[in-house]
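Please look over the sequence and the structure first, then read the points by topic.

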Amino acid sequence: MDESRLPFALPDIGEEEIAAVTDALRSGWLSSGPLVPRFEQRFADACGGRVGAVAVNSATAGLHLALEALGVGPGMEVLVPTWTFTATAEVVVHLGAEPVLVDVDPDTLHIDFTDAARKVTDRTVAVVPVHFAGQPVSAADLRDFADTHRLAVVEDAAHSFPASSQGIPVGAGTSAATVFSFYATKTITTGEGGMVVTRDPDVARRIRTTRLHGFDRDGFARYRSDRPSWRYDVVEAGWKCNLTDPAAAMGLVQLDRAEAMRARRQEIAGRYRNAFADLPLDLPPPGPAGDVHAWHLFVVRLRSEALYDRDGFVREMSRLGVGCSVHFIPLHQHTYWRDRGRLTDDLFPVASAEFARVVSLPLFSAMTDDQVERVVTTVHKVLQ
Ligand SMILES: *Cc1c(COP(=O)(O)O)cnc(C)c1O
């Protein structure tokens with residue numbers, strides 16, 4: 001057996017991506033050029049068309065610009081699950097608004113709409129559900145909740161390309177915007193990168209402006225236009241969040257491979273599910289029949305009768321050379337969020353209890369069968 005360490009995650013980059021990035025470098029367009037709009041169009045098509053896709057340099061930037069485009073600002077509150085990465089909440093603070101943390105469903109670890117309803121006030125303007133681990137939040141439940149409370153929805157889809165709920169691809173639903181991540185460990189990658197998908201042409205137009213300094217047109221548009229290429233106007237105080245052409249080149253290849261890579265992750269998840277059925281582990285919920293799960297993460301939960309608690313399990317796995325991770329340390333347990341909201345574990349009973357027993361096992365499309373079997377054998381060795 002391979003004695004080297006198996007990392008928790010590795011990107012799935014092949015010769016095609018390397019060739020595409022090399023071509024992009026040779027083209028002379030090192031910032032945003034012709035490949036960015038091509039990537040955007042192809043991504044919009046992958047979300048079923050009828051949406052606009054705006055490329056940015058991270059999902060964090062995408063969440064920030066999407067909420068900004070919807071008018072989120074001082075005096076407003078935005079509902080965010082405590083079970084997420086800090087980016088989902090930090091952008092709300094940067095807009096001068098208040099993230100209000102919500103507990104999660106014990107099965108899916110998605111935002112708990114019952115707890116969310118209790119936390120709606122007359123200042124609440126939006127909700128940011130997270131499609132945790134790649135399993136889509138129920139599109140019907142989300143729409144019901146948002147309609148009942150008249151809230152804008154920005155979906156954090158950092159884990160969930162490609163995925164679909166009730167036949168609707170994540171990104172193609174009724175939400176104001178959906179934001180994907182192309183960070184190195186996500187299901188498709190551009191190194192760093194993200195995409196905002198929206199059905200609202202005004203939101204798309206505003207983000208195209210705010211992602212690049214508030215210019216009325218970007219460098220590539222100026223290059224192609226009849227107006228002199230030095231002439232541009234600043235129409236907003238924008239940000240600097242545009243994606244580069246070499247990144248878009250990588251993204252175009254990854255997009256072509258997305259379904260094959262998803263199928264491989266699903267196959268590995270199926271192997272884990274069979275292999276771990278007899279162990280003292282709660283396995284991830286399979287989701288409703290017909291839904292498509294992106295399988296970004298395979299999160300197991302240690303039962304109380306297991307030989308090790310979570311920390312002991314991660315330590316033993318590491319000792320045997322297999323990297324694991326934990327998703328997520330709930331936001332209310334981080335110093336900043338705890339102190340800011342004077343938050344305690346008893347306000348989030350589900351997230352606090354589940355955090356103590358969750359582990360994410362290695363699951364990435366570039367895993368070989370031998371590496372998958374190594375995870376299986378090592379988990380058995382630790383727990384038996
Ligand atoms: C990775 C991640 C983000 C941030 O994505 P970036 O592209 O790194 O900015 C946001 N939300 C969740 C849930 C994530 O896992």
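Between them, domain 1 and domain 2 bury about 3000 Å², and 62% of that area is on carbon and sulfur atoms. The model is a predicted one. The domain assignment sets domain 1 at residues 15-255 and domain 2 at residues 258-383.

- The size of an interface is often given as the accessible area lost when the parts come together.
- On the domain 1 side, Trp 83, Gln 135 and Pro 162 lose the most area to domain 2, and together they make up 19% of what that side buries.
- Contacts link 41 residues of domain 1 with 35 residues of domain 2.
- Taken over C-alpha atoms, the centres of domain 1 and domain 2 are 26 Å apart.
- The count of salt bridges between domain 1 and domain 2 is 1.

**A salt bridge**

- Arg 340 and Glu 98 form a salt bridge through their side chains, with an N to O distance of 2.8 Å.

**The largest nonpolar core**

- This core has 43 residues, and the members that touch the most others are Leu 67, Trp 83, Phe 132 and Ile 207.
- At least two residues each come from several elements, including strand 1 (52-56), strand 2 (77-81), helix 4 (87-94), helix 7 (201-210) and helix 12 (349-355).
- Helix 3 gives the largest share of this core, 7 residues.
- The core lies between domain 1 and domain 2, because both domains give residues to it.
- Beyond its neighbours within four places in sequence, Leu 67 is in contact with Val 72, Val 91, Val 92, Leu 95, Ala 126, Val 128 and Val 154.
- Another core, of 30 residues, lies apart from the largest one and has Val 36, Ala 157, Met 195 and Met 261 among its members.

**Helix 2**

- Helix 2 covers residues 35-46, 12 residues in total, and its span of 16 Å from first C-alpha to last is close to the 16 Å expected at 1.5 Å a residue.
- Leu 35, Val 36, Phe 39, Glu 40, Phe 43 and Ala 44 are the buried residues of this helix.
- An α-helix has 3.6 residues a turn, so residues three or four places apart point the same way.
- The partners against which the buried residues of helix 2 pack are helix 1 (15-27), strand 1, strand 8, strand 9 (194-198), helix 7 and helix 9 (245-275).
- After helix 2 comes Gly 48, with a positive phi near 90°.

**Backbone exceptions**

- Most residues other than glycine have a negative phi, and most peptide bonds are trans.
- Phe 161 and Pro 162 are joined by a cis peptide bond with omega of about -10°, and Pro 162 sits in the loop between strand 5 (152-156) and strand 6 (164-165).
- A cis bond also runs from His 327 to Phe 328, where omega is near -5°; Phe 328 is in the loop between helix 10 (310-319) and helix 11 (335-341).
- Gln 166 is not a glycine, yet its phi is positive at about 50°.
- The loop between strand 6 and strand 7 (168-169) holds Gln 166, which is partly exposed at 43% relative accessibility.
- His 213, also not a glycine, has a positive phi of about 60°.
- His 213 is in the loop between helix 7 and helix 8 (219-224), and its relative accessible area of 33% makes it partly exposed.

Terms used
Residues numbered from 1 in each chain as written. Predicted model: local features only at pLDDT ≥ 70, side-chain atom pairs only at ≥ 80, totals over all residues. Heavy atoms only, no water. Core = buried A, V, L, I, M, F, W, Y, C linked by side-chain atoms within 4.5 Å. Buried < 20%, exposed > 50% of the residue type's maximum accessible area, 1.4 Å probe, protein only. Helix = DSSP H or I, 4+ residues; strand = E, 2+ residues; numbered from the N terminus. Domains from an automatic or database assignment. Contact = heavy atoms within 4.5 Å. Expected span 1.5 Å × (residues − 1). Buried area = accessible area lost by both parts, 1.4 Å probe. Salt bridge = Lys/Arg side-chain N within 4 Å of Asp/Glu carboxyl O.
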